[in-house]
Amino acid sequence: MTDLDALVGEWLPLPDVADRLRTDVGRVRRLLQEHKLLAVRRGERNILSVPAQFLTPVVGRGTDGDEAWEVVPSLQGTLVLLEDAGFSDEEAVAWLFTKDASLESLGTGPDRPTTPIAALAAGHKTEIRRRAQALAL
């Protein structure tokens, strides 16, 4: 297991991402090209994989009663900022998944964010983007 694997935990190959998003792999590849998602090559077979936390359940259920998923809505802008700051894809993933105790002040209740990706998923995009932008300076 690499350091990146230890930070991220669960990875999804592109076909699994397509299944969760109820689309095809071609559409997932377009999301990658449009910087709405980020994938890195993982494992022995070096397959393109997306961190599972880049996808979040949609409030409510899909029309067929199954759980529906979407890309974390504020991920794209943050990925663009990290790319502009000179981060490689692996460095961007590492930054998004590295624990930062100062993020706990953003949340309320028992589930406070401890990583930038958790803060983005909880709706704290302004603070995370401010931090990402500061990296470019």
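1. In this predicted model, the charged end of Arg42 sits over the ring of Trp11, 4.9 Å from its centre, and Arg20 lies over the face of Trp69, at 4.4 Å from the ring centre. A charge counts as sitting over a ring if NZ of Lys or CZ of Arg is within 6 Å of the ring centre and within 35 degrees of the ring normal.

2. Local features need pLDDT of at least 70 and side-chain atom pairs count only at pLDDT 80 or more, whereas totals for chains, interfaces and linings use all residues. Side-chain values use heavy atoms, with hydrogens and water left out, and residues are numbered from 1 along each chain as its sequence is written.

3. One aromatic pair is found in a search of the whole structure, namely Phe54 with Phe97, which is tilted, at 5.8 Å centre to centre and 35 degrees between the planes. Rings of Phe, Tyr and Trp (its six-membered ring) pair if their centres lie within 6.5 Å, and planes under 30 degrees apart count as stacked, over 60 as edge-to-face and the rest as tilted. Because Phe54 lies in the loop between strand E3 (47–51) and strand E4 (55–57) and Phe97 in helix H5 (residues 89–97), the pair ties together parts that are 43 residues apart in sequence. Helices (H or I, at least four residues) and strands (E, at least two) are DSSP runs, numbered from the N terminus.
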